[in-house]
Amino acid sequence: MAKSRIEYTCQNCGYHSASYLGRCPNCQAWNQFVETKKEAAKVSSKATPSRRMTTTGIRQPQHLKEITSTKENRTSTQFDELDRVLGGGAVKGSLVLLGGDPGIGKSTLLLQVCGELAQKQTVLYVSGEESPTQIKMRAQRLEIDSEQLYIYSETDMSEIRQQVNEMKPDFLIIDSIQTMNEPELDAVVGSVTQVKEVTSELMKIAKNDQITVFVVGHVTKSGGIAGPKILEHMVDTVLYFEGEAHHAYRIIRSVKNRFGAANEIGMFEMKGEGLAEVKNPSAIFLDERLPNSTGSAVVVSMEGTRPILVELQALVTPTAFGNAKRTSTGLNTHRVALIMAVLEKRGGLLLQNQDAFLKATGGVRLDEPAIDLAIAVAIASSYKEKEINQTDCFIGEIGLTGEIRRVTQIEDRIKEARNLGFKRVYIPKNNLKESLRQSEGIEIVPVVSIQQALNYLF
Ligand code: TYD
Ligand code: MG
């Protein structure tokens, strides 16, 4: 019998090392290594999780032409905002991971979805975090009493598997992956080994029995889903539920989707009676705009295939002591620093002795090159103390020489701006040709460089 020996495993990414390390060379996380036993291979080397997951049983290369294609079978969750991020509904037999900070509303969302799904199909909601009574209380608050919704408090995967085999539900919810355990492994609950094994087991359930599985995963302080990063590689779809604790708005975002576009977003509002869909996010982001204020510019940002309008705010004030401070909420600080440098060098704004505070309003996080121009305009507006017209909006990426670069999906952006009552949109000159098709009812101002844009505006 082969001897088992000690090794060290990174709890963040699953990297193995023969000795203890302070920092993981693979994922760069600190203090994540724990002692694990390297098991003498328990199962045959052929039975790796991915092989065990094979659904077809066919182990030979097939000619592409001979493979029959089937259209994926989707079910609507009855929440358009969620259907969109899933790529048009939940795909039968897929494994969806829903990540997010504790208390953000993951369990609430899934329970509401279950309430809808269980009107027609069988749903098994397994919770390792709350008792059936707690879930019942929440369900009452959410006014859910669907016939075919089963609640099951359990953390032992072998019991869960047995129940699934007997009940054959259409949907299985696991809340949360970190509380589940595979009893035959002697690893701690929530450890890399456990999470990996439980996920691979759930993948088998999803693929072999064609059950749609939703799995809740907690997010660590650094923002990753607690447990191995490989978890994200194993599942079909990764959704993040995010929002600020002090805001009622929640955004659900697909960061990976084997059955649809990544980076789609959906928006919800947390209310006393649960989560409500927000059908028109732009209206909300622009709702609290103060008329005639300086340092504010509206951008049309694409989140997946959906254009949303967001107000960007800048406050530029002289530095009191020493180094100038640059802070941003919802925007990438490096991008802001770069744009300020371009404004200084190419736009002639003296910003080095100015503190700058930037914010994307409404608790959204924007990370797209097309927001550059609006950031620059907001900064310049605050610096010069000159306001921007209420009905202007800005689209464009800024290059290091101060040029305004082409962006994607310009037509959709302009259409959305016009729908929300904007009268003028500044766009990159190189996008002019496509945008002319949308020019009815909105003035299009093509700009080549940041200098030119500033000259127009101030
Ligand atoms: P929860 O779904 O338990 O979060 P998670 O599963 O992500 O940890 O959400 C809990 C929070 O939501 C809690 O702070 C209370 C709030 N909440 C409401 O505001 N309204 C509601 O109807 C419900 C059920 C919860
Ligand atoms: Mg929960």
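## The ligand and its contacts

An oxygen atom of ligand 1 sits 2.6 Å from an N or O atom in the side chain of Ser 107. The protein covers 75% of the 560 Å² of accessible area that ligand 1 has on its own; such areas come from the Shrake-Rupley method with a 1.4 Å probe, and for residues only the protein chains shown count as cover. This is a predicted model: local features need pLDDT of at least 70, side-chain atom pairs count only at pLDDT 80 or more, and totals for chains, interfaces and linings use all residues. Residues are numbered from 1 along each chain as its sequence is written, chains are lettered from A and ligands numbered from 1 in the order in which they are written, and side-chain values use heavy atoms, with hydrogens and water left out.

Two further contacts can be found here. A nitrogen atom of ligand 1 is 3.1 Å from an N or O atom in the side chain of Arg 141, and an oxygen atom of ligand 1 is 2.8 Å from a polar backbone atom of Gly 274. A polar contact is a pair of N or O atoms within 3.5 Å; within protein, one must be able to donate a hydrogen and the other to accept it, and residues adjacent in sequence count only if both atoms are side-chain atoms.

## The shell around the ligand

Which residues come closest to ligand 1? They are Gly 103, Lys 106, Ser 107, Thr 108 and Lys 271, out of 16 residues that surround ligand 1. A residue is near a molecule or strand if one of its heavy atoms lies within 4 Å of it. By class, this shell around ligand 1 has four nonpolar, six polar and six charged residues. Here Ala, Val, Leu, Ile, Met, Phe, Trp, Tyr, Cys and Pro count as nonpolar, Asp, Glu, Lys and Arg as charged, and the others, Gly among them, as polar.

α3 (106-117), α4 (132-141) and β13 (265-271) each supply at least two residues of the shell. With three residues, α3 gives the most.

## The chain as a whole

The protein chain has 13 helices and 23 strands. Helices (H or I, at least four residues) and strands (E, at least two) are DSSP runs, numbered from the N terminus. The C-alpha atoms of the chain fill a box of roughly 75 × 55 × 55 Å, taken along the principal axes.

Of the 458 residues of the protein chain, 48% count as buried. Buried means under 20% relative accessible area, exposed over 50%, and partly exposed in between (1.4 Å probe, protein chains only).

## Pocket and cavities

Rolling a probe the size of a water molecule over the atoms shows where empty space is left. On a 1 Å grid over the protein atoms alone, a cavity is a set of points where a 1.4 Å probe fits but cannot get out, while a pocket is an open set with protein on both sides within 12 Å along at least five of seven lines; lining residues have an atom within 4 Å of a point. Grid points are joined across faces, edges and corners, and a volume is the space filled by probe spheres set on the points.

The second largest pocket has a volume of about 640 Å³. Its lining is made of 27 residues, and Glu 242, Arg 253, Val 364, Arg 365 and Leu 366 lie nearest its centre. The structure also holds three cavities of 30 Å³ or more. About 70 Å³ of space lies in the largest cavity, and β15 gives the most to the lining of this cavity, with three residues.

## Some loops to look at

Most residues other than glycine have a negative phi, and most peptide bonds are trans. The peptide bond from Asp 175 to Ser 176 is cis, with omega near 0 degrees, and Ser 176 lies in the loop between β9 and α6. Gln 178 is found in the loop between β9 (171-175) and α6 (192-209). Gln 178 counts as buried because its relative accessibility is 13%, and its side chain reaches the backbone nitrogen of His 218 at 3.1 Å.

Asn 31 is not a glycine, although it has a positive phi of about 50 degrees. Its place is in the loop between β2 (16-17) and β3 (33-38), and Asn 31 is exposed because its relative accessible area is 58%.
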